[in-house]
Amino acid sequence: MNTKILKENNEKIVINLTNTNFETANSIRRSCINNVPTMAIEDVHILANNSALYDEILAHRLGMIPLTTDLKTYNKLEDCKCKSAGCARCTAEFVLEAKGPATVYSKDLVPTDPSIKPVFDEMPVVKLFENQEVRLTAKACLNNGTYHTKHSPCNAYYQFYPNIKVLKSKKALDDICPRKVFKNGAVDKDNLLNCNLCNACTDAFPDSVTVEPEENNILLTIESWGQLAPKTIYNTAITNLISDLDEFKKLLK
Ligand SMILES: [Zn+2]
């Protein structure tokens with residue numbers, strides 16, 4: 001398999017996988033979603049809460065807040081030397097103290113380790129009225145999306161590379177394509193990757209254009225939720241997929 005990065009920014013990466021098949025691409029996609037660990041709040045100790053939200057709802061909301069993740073420093077709880085007791089190498093702690101009237105946001109979670117903090121500052125957690133307060137401590141740990149989807153780092157999907165041939169140039173192609181792949185009746189190379197193989201063009205003008213998916217040429221898109229950079233997600237997913245396959249091989253023997 002060959003890989004080439006076509007687009008990359010802090011939120012999203014598009015990778016062209018060639019000389020491969022969709023089974024491999026799908027394994028990588030699933031590994032990205034389920035097999036790349038991130039930090040998320042797992043335990044909440046509520047000291048005071050007379051807000052409108054039950055303790056359980058409050059704890060659930062805190063669990064869903066994406067946290068910046070440092071894969072080099074932190075271990076998964078089950079792999080840690082402390083034998084899952086919780087230590088500075090596997091657990092990050094937060095304190096939240098707020099009094100009404102106020103809206104409590106994700107940024108009000110004060111971390112003990114500044115490298116593990118909410119990705120987004122302005123996620124509302126709970127609204128407090130006069131005389132209402134929330135005081136709690138929370139522990140975050142590293143785990144996979146298979147354990148709970150709050151640990152999943154991204155959305156990932158793939159499609160076949162579109163091979164578009166314009167047989168007869170038609171200006172009307174520009175408007176018929178909902179993804180704006182055509183310009184002046186020809187394929188606009190800058191927008192080619194917008195094509196999602198919907199065939200709106202071939203349905204309207206079967207004699208003018210053909211669209212074929214290239215089956216060994218795949219576009220994999222990874223959209224990060226913010227805990228990890230998209231490239232880190234891809235690289236970790238590949239490393240973990242290979243180690244899982246090695247383990248599977250050993251078990252077969
Ligand atoms: Zn530990």
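Reader: How many aromatic pairs does the count come to in this chain?

Author: The count comes to 1 aromatic pair. Rings of Phe, Tyr and Trp (for Trp, its six-membered ring) pair if their centres lie within 6.5 Å; planes under 30 degrees apart count as stacked, over 60 as edge-to-face, and the rest as tilted. The pair is Phe 22 with Phe 160, at 6.4 Å centre to centre and 85° between the planes, and is edge-to-face.
The model is a predicted one, in which local features need pLDDT of at least 70 and side-chain atom pairs count only at pLDDT 80 or more, while totals for chains, interfaces and linings use all residues. Residues are numbered from 1 along each chain as its sequence is written, and side-chain values use heavy atoms, with hydrogens and water left out.

Reader: Which parts of the chain does the pair link?

Author: Distant ones: Phe 22 is in helix 1 (residues 22-34) and Phe 160 in strand 9 (residues 154-166), 138 residues apart. Helices (H or I, at least four residues) and strands (E, at least two) are DSSP runs, numbered from the N terminus.

Reader: What makes Phe 22 count as partly exposed?

Author: Buried means under 20% relative accessible area, exposed means over 50%, and partly exposed is in between (1.4 Å probe, protein chains only). Phe 22 has 40% relative accessibility, so Phe 22 counts as partly exposed.

Reader: How do you know what confidence the chain has?

Author: By pLDDT, the predictor's confidence in each residue, from 0 to 100. The chain averages 94, and 100% of the residues score at least 70. Confidence is lowest in helix 3 (residues 173-176), at a mean of 91, and highest in strand 7 (residues 124-128), at 97.

Reader: Which residues coordinate the zinc ion, and at what distance?

Author: Cys 80, Cys 82, Cys 87 and Cys 90 coordinate the zinc ion, each through SG, at 2.2 to 2.3 Å. Donors are N, O and S atoms within 2.8 Å of the metal (3.2 Å for Na, K and Ca); water is not among the atoms, so sites may look incomplete. Along the chain the donors follow the spacing C-x1-C-x4-C-x2-C.

Reader: Why is the arrangement around the zinc ion called tetrahedral?

Author: Four donors count as tetrahedral if all angles lie between 85 and 135 degrees; four count as square planar and six as octahedral if opposite donors are over 155 degrees apart and all others between 65 and 115; anything else is irregular. Here the 4 donor atoms subtend angles of 100 to 115°, which makes the arrangement tetrahedral.

Reader: Is Cys 87 buried, exposed or partly exposed?

Author: Cys 87 has a relative accessible area of 27%, so Cys 87 is partly exposed.

Reader: What is the span of helix 1 set against?

Author: The expected span is 1.5 Å times one less than the number of residues. Helix 1 has 13 residues and reaches 18 Å from its first C-alpha to its last, close to the 18 Å expected. Helix 5 (230-252) has 23 residues and reaches 33 Å, close to the 33 Å expected.

Reader: Which residues of helix 1 are buried, and what do they pack against?

Author: Ala 25, Ile 28, Ser 31, Cys 32 and Ile 33 are buried. They pack against strand 2, strand 9, strand 12 (209-224) and helix 5. The buried residues of helix 5 include Ala 237 and Leu 241, and what covers the buried residues of helix 5 includes helix 1.

Reader: What makes Ser 31 buried, and what does Ser 31 touch?

Author: Ser 31 has a relative accessible area of 5%, so Ser 31 is buried. Contact means heavy atoms within 4.5 Å. Not counting residues up to four places away in sequence, Ser 31 touches Val 36, Ala 237 and Leu 241.

Reader: Why does Glu 11 count as exposed?

Author: Glu 11 has 58% relative accessibility, so Glu 11 counts as exposed. Glu 11 is found in the loop between strand 1 (2-8) and strand 2 (12-18).

Reader: What is the relative accessibility of Ala 40?

Author: At 0%, Ala 40 counts as buried. Ala 40 lies in strand 3 (residues 38-49). The C-alpha atoms of Ala 40 and Leu 67 are separated by 6.1 Å, with the two residues 27 apart along the chain.

Reader: What is phi of Asn 131?

Author: Phi of Asn 131 is near 70°, a positive value in a residue other than glycine. Asn 131 has a relative accessible area of 65%, so Asn 131 is exposed.
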